[in-house]
Amino acid sequence: GDNSSVPPVDGRDLTLTVDRDVQWYAQRVLRQTVEDAGGETGVAVVMDTATGELLALADYPTYDPNVTSQADVETLA
């Protein structure tokens, strides 16, 4: 295969496309769906198929990455 690289270019902006409201709703619906199904974990991706933008990335169970000491050890594994 071809092994090529593209050098970085200074001055390019990065724009996040995650929508706070969609993220909150996806997290809420995912939690309820996993609990209703009797599951242990779940993951949801919400994407605008026209643009490829990621609007939400949800997981359950989740934890606060700022307070990992309170997270269940099995959840982090």
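A: Let's start with a word we will need: contact means heavy atoms within 4.5 Å. What we are looking at is a predicted model, in which local features need pLDDT of at least 70 and side-chain atom pairs count only at pLDDT 80 or more, while totals for chains, interfaces and linings use all residues. Residues are numbered from 1 along each chain as its sequence is written, and side-chain values use heavy atoms, with hydrogens and water left out.

With that in hand, look at Val34. Beyond its neighbours within four places in sequence, Val34 is in contact with Gly39, Glu40, Thr41, Gly42 and Tyr60. Val34 also belongs to the largest nonpolar core, together with Ala26, Leu30, Ala56 and Ala58. Such a core is a set of buried Ala, Val, Leu, Ile, Met, Phe, Trp, Tyr and Cys residues joined through side-chain atoms within 4.5 Å. Buried means under 20% relative accessible area, exposed means over 50%, and partly exposed is in between (1.4 Å probe, protein chains only). Two elements, α1 (20-37) and β2 (54-60), each give two or more residues to this core, and α1 gives the most, with three. Helices (H or I, at least four residues) and strands (E, at least two) are DSSP runs, numbered from the N terminus.

Now for the strands. β1 and β2 run antiparallel and are joined by six bridges; two strands pair if DSSP finds at least two bridges between them. They form a hairpin with six residues between them, and Gly52 in the turn has a positive phi of about 85°. Across the pair, Val45 stands opposite Leu57 in β2.

β1 (42-47) supplies the largest share of the patch, three residues. Leu57 counts as partly exposed because its relative accessibility is 47%.

Val22 is found in helix α1, and Leu55 in strand β2. Leaving out residues up to four places away in sequence, Val22 touches Val46, Leu55 and Ala56. Val22 is partly exposed because its relative accessibility is 27%. Leu55 and Ala26 are 29 residues apart in sequence, yet 9.6 Å apart in space, C-alpha to C-alpha.

One last stop: the peptide bond from Tyr60 to Pro61 is cis, with omega near -5°. Pro61 is found in the loop between β2 and α2 (73-76). For background, most peptide bonds are trans.
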